[in-house]
Amino acid sequence: MDLTIEGKLYHNGTFEQGCLGIQQGKIVAIKKSLKTDNHFNVGNNLILPAGIDLHVHFRDPGFTYKEDFSTGSQAAAFGGISCVFDMPNTQPQTTSIQTLKEKTQIASEKSYVDFGLYTGVSDENIGRLAEISPFCSGFKIFLGGSTHSLQLSTQNLRIALLETNRTKKITLIHAEDEHCLKTHKDIENNLVDHLRCRSAECEETAIRTIINNSHNLSSPIHICHLSSCGGFEMLRKKPHNISVGVTPHHLFFDVHTLDTKPAYYKVNPPIRSSFDRDTLWYGVNHKLIDIFESDHAPHTEEEKNVAFNDAPSGLPGIETMYPLFLAVIKKEQITLGTLLTLLCEKPAQLINLPKGKIEVGRDADFIVVDMKKTETITAEKLHSKCGWTPFEGFQGIFPSMMFIRGEKVIDDHHILVKQGFGKSVGV
Ligand SMILES: [Zn+2]
């Protein structure tokens with residue numbers, strides 16, 4: 001074995017003092033005691049699986065003044081996320097083999113964490129998805145327009161899903177109905193206007209359309225960032241291959257508690273009422289939500305500091321996701337078991353990755369945390385290029401170390417690997 005590490009392991013749903021044996025990046029043994037020359041003991045600190053984020057916008061290529069694969073993946077690493085999946089709405093959009101190859105090259109040179117890329121599905125490339133498939137980890141469909149997004153017409157949804165189903169890879173969908181959004185379109189001056197213009201009805205309609213077009217398909221279909229009670233109710237009738245994710249911002253905010261810098265919280269789908277937020281927490285705690293996803297979508301402060309109507313939608317969140325949820329375990333808002341299922345295990349399962357769990361045979365991707373070390377989140381301590389966080393002043397528990405494939409990537413406040421350490425996965 002190359003390395004053994006001893007601490008409080010989360011394994012088979014409980015904690016036990018024990019050792020992980022690691023060889024060639026994999027967990028090869030989990031025992032009460034194991035020893036190699038390369039052994040270290042983290043004492044009473046917890047050893048938990050690293051998180052996996054199926055939904056990030058690292059803005060590279062095209063918008064690298066907001067974020068790039070280097071800064072975005074550093075933010076992931078310091079936030080305990082060992083693997084990220086990047087959305088196609090960059091410049092150029094990743095909708096072809098050529099653009100996927102280019103982005104894979106960029107990420108391979110810059111990323112500190114493992115990564116996968118999605119292909120954007122549009123009316124134009126719908127017939128080429130099978131040939132594009134070997135170059136991506138899955139597909140993304142925007143049913144409604146959002147910042148820098150590309151679009152698929154609703155009448156082409158069934159054809160698109162039949163095509164992606166053949167590839168066996170996951171299809172993620174931004175579920176807001178374009179026709180409904182157009183009907184409600186108006187000048188927006190604040191977050192309540194934004195909520196009215198992107199009403200829950202638009203989410204419900206899109207989810208109904210997705211369910212109606214998903215019959216007799218077996219590959220995973222994922223509904224991104226569920227935000228409303230109506231959408232949640234619609235999903236109670238979903239087929240088994242449809243999964244659903246929620247973001248930290250839809251769980252930690254509601255529209256009535258955000259009165260300063262409203263444009264910073266402008267995001268699609270919008271932050272809704274406390275009633276919607278409580279429904280999402282209910283879903284998380286009753287096994288009705290499958291995963292957490294950050295939808296990390298940074299914009300600069302300059303871009304957000306304009307009239308509300310002109311501000312782009314999206315906010316950063318990858319570095320704070322795991323720490324925020326670890327901190328609310330103490331308040332009994334979530335159990336550790338639920339957190340690890342939604343942040344690690346289930347995302348790995350959806351992409352078919354050998355990560356997400358402390359188990360023999362999986363990648364040695366884990367974090368070390370001291371649950372007594374709660375910190376106040378401030379943008380100064382974070383690593384996203386955008387330089388601000390919507391969670392300023394919130395409490396978080398950050399990992400002191402993170403390992404990816406058995407390599408120590410983070411120790412205290414230092415990054416120990418070189419750019420380009422991250423590997424392409426899930427293709
Ligand atoms: Zn997104």
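Where is Asn241 found? I looked for Asn241 and located it in the loop between helix H8 (229-235) and strand S11 (242-246), where helices (H or I, at least four residues) and strands (E, at least two) are DSSP runs numbered from the N terminus.

I noted that this is a predicted model, in which local features need pLDDT of at least 70 and side-chain atom pairs count only at pLDDT 80 or more, while totals for chains, interfaces and linings use all residues. Residues are numbered from 1 along each chain as its sequence is written, and side-chain values use heavy atoms, with hydrogens and water left out.

Is Asn241 buried or exposed? I wrote it down as buried because its relative accessibility is 7%, buried meaning under 20% relative accessible area and exposed over 50%, with partly exposed in between (1.4 Å probe, protein chains only). Next I checked its neighbours: leaving aside residues up to four places away in sequence, Asn241 touches Leu217, Ser218, Ser219, Pro220 and Ile221, a contact being heavy atoms within 4.5 Å. I also saw that the side chain of Asn241 reaches the backbone oxygen of Leu217 at 3.1 Å.

I then turned to helix H12 (residues 318-329), which is mostly covered, since 12 of its 12 residues are buried; among them are Glu319, Tyr322 and Phe325.

Last, I followed strand S2 (residues 14-23) and strand S3 (residues 26-31), which run antiparallel and are joined by 5 bridges; two strands pair if DSSP finds at least two bridges between them. Leu20 stands opposite Ile30 in S3. The two strands form a hairpin with 2 residues between them, and Gln24 in the turn has a positive phi of about 45°.

Methods:
Polar contact = N/O pair within 3.5 Å; in protein donor to acceptor, adjacent residues only side chain to side chain.
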